[in-house]
Amino acid sequence: MDEEKKSSSSSKPVERMKGGIITMPFIFANEICEKLAVVGFSANMISYLTQELHLPLTKAANTLTNFSGTASLTPLLGAFLADSYAGRFWTITVASIIYQIGMISLTLSATLPNLRPPQCKDNQVCQVADSGQLAILYVSLLLTAIGSGGIRPCVVAFGADQFDEMDPKQKARTWKFFNWYYFCMGASMLVAVTVVVYIQDNVGWGWGLGVPTVAMALSIIAFVFGYPLYRNMDPSGSPFTRLVQVCVAAFRKRKLHMVSDPKLLYENEELDASISIAGKLVHTNQMKFLDKAAIVTEEDNPKSLSPPNPWRLNTVHRVEELKSLIRMGPIWASGIILITAYAQQGTFSLQQAKTMNRHLNHSFQIPAGSMSVFTLTSMLATIVFYDRIFVPVARKFTGVERGISVLCRMGIGFFISILATLVAGFVEVKRKNAALTAGLVNSPHSTIPISVFWLVPQYSLHGVAEAFMSIGHLEFFYDQSPESMRSTATALFWMAISAGSYLSTLLVSLIHKFSAGPNGSNWLPDSNLNKGKLEYFYWLITVLQVVNLVYYLFCAKFYTFKPIQVYSTDKEDGVELGPNHV
């Protein structure tokens, strides 16, 4: 008997070791290699499209933003599969393999001469890639977009899942995880925009895309190797089905009068057990029309031992799941315009850099695609400053564990992003004046005698803004979403990026069309930025961001945090009400 007790007690610690800090090296190794692949492949892609495939600038820019938008839209599908059927581990694994196939295809297209147009010769019109060559490009981009759809929403949620929310010590580490997840991601991106971009510009695109392809293969191996240590959360059925069921049930009972006491609404802890492991959502007074889905009628046969028909009756917890997502909607929408502003670094800001003096000495010049190193460096520095200095100091004044609320953090990021695009417009004016002074307005391929370091302020401000806003946005979605929908909610973060990328495409297309004037003048010309009005485009985005900030402040003021009833073994009744400080 004693031996049985010993064996049973010795088995418990093994179970408790699942998850926790020990899993972070495998998850971060996967993220580092995966981001090295993704960014190494995309950071300088505008150069590949214009120089190797000879696409016009606006078409190349729109191709990239469309790809970015699609790659940020597919996470909704990946999140659905992870939350509903496959679980996060298997979704990440399969999606990574699909991404790997896309990278191999793209590398081959850059290596084999028949898969790209011939090199341009002096004083000869460049031959644009034909439909077959573009088809290979688009298929490769589509495969990587599909792969991203399974990786992006699940890696963050999977990493946060490794910390048990029922353990106060581990739960306190969750918000730190988001900072360090972004730090590892940024460090990997820093290597990509320096080493990998340098290889692409100076060694060749075959090697330049081959290195990220190998990195992606290593990321898959690292992630799968840690499988025995992971804390895996079982999928709990389709969250979208539950949301639709609440809507249908509320519509069916729309003519019923609301109950006098919310306690009379339907609750069933056994039915909700798999989707409320960390605690159940409690009733809120917003959107009361949805509460009708939880009104019990005779037709619902409440005395029956079998579960009710969810298309007629839902629990309060399930109704509050839908309310939580709806409340998150306005905050989600506010992040779109910031992504639109950020997207210009990989297109027009990069083209600006190409026209400027990038030499550090006589023998070395900074690749234009590596200018984002300043964005990443400032982002990494801000993350360290925020986690190690800002939070401890702010905590003494606010009493909030995180220093400041997530909503406040996001607001700071929005303001800094406004400064970034405002500064970018003035720098463009200075760049064009330098071209005019040097008589190079009509020489788009000549180097203008102005240092590329004039672009550093706008790149750096975008990095600081991302450290505040993007991490806050991601943390907000994970924290405020229902626990059974965390992959889905994380996908909302990528959907905001998708919408921002598509908005950028729309703005560029509309401005290119309606700003066209006589003699080929245009705000955003295809071949000669020196004759354009890029500063007007930057300032238009600045105005849109100011309007967006006012909208965000209004939404944040009236936002209601997710109320959750946390289960605790310290109380006699086993339940305590825990407010969700954000």
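The points below describe a predicted model, beginning with the chain as a whole and ending with single residues.

1. Overall content. The protein chain contains 18 helices and five strands. Of its 582 residues, 54% are buried. Taking contacts in the protein chain between residues at least 6 apart in sequence, 82% join residues at least 24 apart.

2. Helices α17 and α18. Helix α17 covers residues 486-514 and helix α18 covers residues 534-557; they pack at an angle of about 130°, and their axes are 12 Å apart. That angle makes α17 oblique to α18. The crossing of α17 past α18 is right-handed. On the α17 side the contact is made by Leu-507, Val-508 and Ile-511, and on the α18 side by Phe-537, Leu-540 and Leu-544. By class, the residues of this contact are six nonpolar, no polar and no charged.

3. Helices α12 and α18. Helix α12 (residues 336-343) also packs on α18: the two axes come within 9 Å and cross at roughly 155°. An angle over 145 degrees counts as roughly antiparallel, and α12 and α18 are therefore roughly antiparallel to each other. Here α12 passes α18 in a left-handed crossing. From α12, the residues Ile-337, Leu-338 and Ala-341 meet Ile-541, Leu-544, Gln-545 and Asn-548 of α18. The contact of α12 with α18 has five nonpolar, two polar and no charged residues.

4. Cysteines. The structure holds zero disulfides. Cys-154 is buried, its relative accessible area being 0%. Cys-247, by contrast, is partly exposed, with a relative accessible area of 39%.

5. Thr-23. This residue is in the loop between α1 (2-16) and α2 (24-42). Is Thr-23 buried or exposed? Thr-23 has a relative accessible area of 0% and is buried. Setting aside neighbours within four places in sequence, the contacts of Thr-23 are with Gln-162, Leu-229 and Tyr-230.

6. Met-287. The loop between β1 (280-281) and α11 (316-334) holds Met-287. Its backbone is worth checking by eye: phi of Met-287 is near 50°, a positive value in a residue other than glycine. The relative accessible area of Met-287 is 19%. Buried means under 20%, so Met-287 counts as buried.

7. Gly-403. This glycine sits in the loop between α14 (373-398) and α15 (406-437). With 0% relative accessibility, Gly-403 counts as buried. Which residues does Gly-403 touch, not counting those up to four places away in sequence? They are Val-391, Ala-394, Arg-395 and Thr-398. The C-alpha atoms of Gly-403 and Asp-387 are 9.2 Å apart in space, and the two residues are 16 residues apart in sequence.

8. Thr-23 is buried at 0% relative accessible area, Met-287 is buried at 19%, and Gly-403 is buried at 0%.

How values were computed
Residues numbered from 1 in each chain as written. Predicted model: local features only at pLDDT ≥ 70, side-chain atom pairs only at ≥ 80, totals over all residues. Heavy atoms only, no water. Axes fitted to C-alpha atoms, helices over the stretch in contact; angles between N-to-C directions. Helix = DSSP H or I, 4+ residues; strand = E, 2+ residues; numbered from the N terminus. Parallel < 35°, antiparallel > 145°, perpendicular 65-115°, else oblique. Left-handed = near helix turned anticlockwise from the far one by under 90°. Contact = heavy atoms within 4.5 Å. Nonpolar A, V, L, I, M, F, W, Y, C, P; charged D, E, K, R; others polar. Disulfide = S-S within 2.5 Å. Buried < 20%, exposed > 50% of the residue type's maximum accessible area, 1.4 Å probe, protein only.
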